[in-house]
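Open your viewer and get ready to click along with this short tour.

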Amino acid sequence: MSYREENYLKEISKDINSINPPDNIDEYIKRGLDTGINKRRHRKVRRISFTAAVFMCVLFVISIRTSTVFASYVRRIPGFNRIVDLINYDKGIKDALNNGFIENIDQSVEHDNLIFTINDIIIDNSKAVVFYTIENKGNHRYVTIDEMIIQGEGEEIVASSGIVKVVDRDMIKFNKIENTVDFHFKDAAKIPGKLRIDVTLEEIAEKYGGEAEVLPYIWNFEISLDNKKLQDMSKIYEINKAAEIEGQKIFFESLVVTPMQAALKIHYDKSNTKQILHFDDIEIVDEVGEVRRPIVNGKSGVKIDDYNEIIYFQSNYFRDSKELYIRGKSLRAVDKDKLYLKVDLDKKELLTAPDGNIKMKSFIRWEDRLILEFDFKIDSEIEKTRTYGFIYNEITDSNGVSYTIGESTSSQDSDNTVNIRSDIKINKDIKGPIYLKLHNYPQRILEEFKVKIK
C-alpha cells in the first residue's frame, strides 16, 4: 500500500469507525442502487449524503481475497486495488477476469486539467462494466461522473448505467480516483465492433455534499472491440417448472447465462391469493454447493408487471456445472386484497392497510405537495435484520391519475419502529381517496423450495 493510499484509508476511517455495518449490508447496497440516480434537468443541484454511501466505502477497505490472475490484473492499474472488493463482490465478474474476458482500452481525454481514462471494459450482449480513472492536474477537488452514454454505429444503445455517486476523495490530496460504471442492455443487444462513449463530469463543493455543477465539456472515446469474443455467448436453460409455496404457485420459466450475469425469468400464477413482493434469499447452487446470489452491486432485476419479473444473478458462465438448482426459504408477500394503503384526503386518515402494524403519523397538504408519514412495527426477529427504505412505489387517485414521489426517507428506532416519510407531488384536481401500492412490506412466507434447472 502506498503512503498516499494509507493516508486516504486513515481519512475515511474517521468517517466509518463509529458505524457498525449490519449483517445484511447486501440489502443496504442493493436498496441504494435500486433507487437509482435520476438524470438532472438543471445544471446545479444539492447533493445529500446517505448512510449507504459510507457502507459503500466499507467495501473498499475489506481485505483483498483474489486469485493470482485477478491480483495480476489489479496490480496492472496503479491504485486500482481500491475497488477490488467491489469486483470481488460479484463472483461472475471475477470469473470473467480470471478467464481473460476483458478488453484493455487505455484511452485518455483531457479537458480543464481533468484527464478521464477508460482503462478496460468487460462486455457481452447483456451487460458492460467500464473501468475508469479520473486524474486531476489542476485545482479540482470533488469530481464524479454526471453521465456516461454508450453509442454504437451511430445509434445510442438502449442501456441504463448504474453510477454510484459516492464523492468522498479530495483530488487535490490524492490526485486520482478509480471506479466502475455498469450498463445493462435491453433484451439481447448486438454489440458492434466499434463503440462511442461520451462522458460528462460534475464537481461538488464539499465532501459528501454541497452544490454540484456539471462541467461544460464532453470526454469522447472511440473504442474498438474484439467481435470474436462477443459472438452469441449465452447458455439458455428452459426450466418450465413450478414451486408451490403455501398455496402460491411460482413458475420458473428460463435461465439465460452470459459471462456477465444470469437472468432468471419468473412468472406468478394469476390465481395466487398473495402478491409476491420479494425473494429474501433466492440463490442458484450447483452439485458441489457453489452458490450464485442476486447481483447487489448493480441492477438486480426487472419487474415487468405484477405477474412477471427477471432476477439477475452473478454469472456461473465459466463454471462447468453438471447440475444447477434454484432454492430459497423466505419470500415477502401480501394478500392481494390488502396490497394498497388507502388514504382519505378529507379525513386525513389511513383507511386500509395489510395489518394493524402500520399507522399514519402525520398528514400535511399544500397546493402541489402532499407529505405522508407512516410508522410500522417490526415484530419478529427476521425483520430486525431487514431494511424498509421504500414500502410503496405507485400512487394513484380515485380517477386513476398517477402521482410521483419527490423524496422519501426512512429511519428505524431502537424499539423497532420504522418511520417512512414521503413528499408527493400532486395537483389541485387530485381526487381522494388515494391508493399507495406496496412493493415492500414485512409480511412473509417461510417455506423451503428447490427447483432443478439441469
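Select Glu 309: at 11% relative accessibility it counts as buried (buried means under 20% relative accessible area, exposed over 50%, and partly exposed in between, with a 1.4 Å probe and protein chains only). The term salt bridge stands for a side-chain nitrogen of Lys or Arg within 4 Å of a carboxyl oxygen of Asp or Glu.

Before you move on, note that this is a predicted model, where local features need pLDDT of at least 70 and side-chain atom pairs count only at pLDDT 80 or more, while totals for chains, interfaces and linings use all residues. Residues are numbered from 1 along each chain as its sequence is written, and side-chain values use heavy atoms, leaving out hydrogens and water.

Next, select Lys 91, Asp 95, Glu 290, Arg 292 and Arg 319 together: salt bridges that share partners join them into one network. Zoom in on Arg 292 and Glu 290, whose side chains meet at 2.7 Å, N to O. Is Arg 292 buried or exposed? Arg 292 is buried, with a relative accessible area of 2%, whereas Glu 290 counts as partly exposed at 24% relative accessibility.

**Stop three: a link across the sequence**

How many salt bridges does the structure hold? There are 19. For another of them, select Lys 137 and Glu 110, whose side chains meet at 3.7 Å, N to O. Lys 137 sits in the loop between β4 (127-136) and β5 (142-152), and Glu 110 in strand β2 (residues 103-111), so this pair ties together parts that are 27 residues apart in sequence. Strands here are DSSP runs (E, at least two residues), numbered from the N terminus. Glu 110 counts as partly exposed, at 38% relative accessibility.

**Stop four: an open sheet**

Switch to a cartoon view and find the open sheet of eight strands, in the order β22-β21-β28-β25-β26-β27-β24-β23 with antiparallel pairing. Two strands pair if DSSP finds at least two bridges between them. β22 (349-352) and β23 (358-365) stand at the edges with a single partner strand each, so one side of each has no neighbour in the sheet.

Finish at β21 (residues 340-344), which runs antiparallel to β22 and is joined to it by three bridges. Select Lys 342 to finish: its bridge partner in β22 is Thr 352.

Technical notes:
Helices (H or I, at least four residues) and strands (E, at least two) are DSSP runs, numbered from the N terminus.
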